[in-house]
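Colleague: I would like to learn how to read a model like this one. Could you take me through it feature by feature?

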Amino acid sequence: MQKIALSSPAGTPDAPACPPRAVVVMGVSGSGKSTVGEMLARRQGWAFVEGDAFHSEGNHAKMRAGVPLTDEDRASWLEALGRELARQGAGGVVLSCSALKRAYRRRLRAHVPGLAFIWLEVGRDAAHRRVAGRGDRHFFPATLIDSQFATLEPPHDEAGLLHLDSERPLEEILERAAEWLQRNPHAHS
């Protein structure tokens, strides 16, 4: 499995209009999107893109300091992720990305029409517990969890979406995600 970290994505004008296999595993911090995304990519034989790796140093510094990101902070990050999805999509790609707002998801879909989303919903207490349990291994502090929930616009009515409870067993989540992708590879549901 290929794991994508930092890169300098370039636009790909000859990319297919609807890459056959591209999915974003989304949710607030602590929902398990990186773990699920990486394991799902491995299971599918697809590339994995860690969305956090595309944040600017300035964004990382703000989050480490406990300052929530703004829409402006996220704009170039979302653009880079969209280009990376378009670049990797034809071979199959899973992106871990919070994608908290409808506008953010729309920006990603603009790069990959028919882009699928798997929303890992987690309770506030579980998210706090998981993020606090990371300690210093991660730049995102548990103090920012409330800002994530405040920003989240749940994608209940969006097409091409699988909604999963991230507090279920990991293997169950992976099975349901893989089955959904098998039945719905272009996420046109």
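Modeller: Let's start in a loop. A99 sits in the loop between strand 4 and helix 4. Helices (H or I, at least four residues) and strands (E, at least two) are DSSP runs, numbered from the N terminus. One caution first: this is a predicted model, where local features need pLDDT of at least 70, side-chain atom pairs count only at pLDDT 80 or more, and totals for chains, interfaces and linings use all residues. Residues are numbered from 1 along each chain as its sequence is written, and side-chain values use heavy atoms, with hydrogens and water left out.

Colleague: What phi does A99 have?

Modeller: The general idea comes first. Most residues other than glycine have a negative phi. A99 is not a glycine, yet its phi is positive, at about 45°.

Colleague: Is A99 buried or exposed?

Modeller: Buried means under 20% relative accessible area, exposed over 50%, and partly exposed in between (1.4 Å probe, protein chains only). A99 has a relative accessible area of 0%, so it is buried. For contrast, take D125, in helix 5 (residues 124–133). Its relative accessible area is 62%, so D125 is exposed. The C-alpha atoms of D125 and G30 are separated by 9.9 Å, although these residues are 95 apart along the chain.

Colleague: How many helices and strands does the protein have?

Modeller: Seven helices and six strands. Along the sequence the pattern reads β-β-α-β-α-α-β-α-β-α-α-β-α. Of the 189 residues, 48% are buried. Now look at contacts, meaning heavy atoms within 4.5 Å. Among contacts with a separation of 6 or more, 79% are between residues 24 or more positions apart.

Colleague: How do I read the two faces of a strand?

Modeller: In a regular strand the side chains alternate between the two faces of the sheet. Five of its five residues are buried, so strand 2 is largely enclosed by the rest of the structure.

Colleague: Which residues cover the two faces of strand 4?

Modeller: Strand 4 (residues 93–96) has V93 and L95 on one side and V94 and S96 on the other, all buried. Strand 3 (residues 47–50) is covered on both faces too: A47 and V49 lie on one side, F48 and E50 on the other, and all are buried.

Colleague: How many bridges join strand 3 to strand 4?

Modeller: Four, and the two strands run parallel. V49 stands opposite L95 of strand 4. E50 has S96 as its bridge partner.

Colleague: Now the helices. At what angle do helix 3 and helix 4 pack?

Modeller: Axes are lines fitted to C-alpha atoms, for helices over the stretch in contact, and angles run from 0 to 180 degrees between N-to-C directions. Helix 3 (residues 71–88) and helix 4 (residues 102–111) pack at about 30°, with axes 8 Å apart. Angles under 35 degrees count as roughly parallel, over 145 as roughly antiparallel, 65 to 115 as roughly perpendicular and the rest as oblique. Helix 3 and helix 4 are therefore roughly parallel to each other. The residues making this contact include L78, L81 and L85 of helix 3 and Y104 and L108 of helix 4.

Colleague: And what is the angle between helix 1 and helix 7?

Modeller: Helix 1 (residues 33–44) packs against helix 7 (residues 170–183) at about 55°, with their axes 10 Å apart. That angle makes helix 1 oblique to helix 7. Among the contact residues are V36, M39 and L40 of helix 1 and I173, L174 and L181 of helix 7. By class, the contact has nine nonpolar, two polar and three charged residues. Here Ala, Val, Leu, Ile, Met, Phe, Trp, Tyr, Cys and Pro count as nonpolar, Asp, Glu, Lys and Arg as charged, and the others, Gly among them, as polar.

Definitions and conventions. Pairing = 2+ DSSP bridges.
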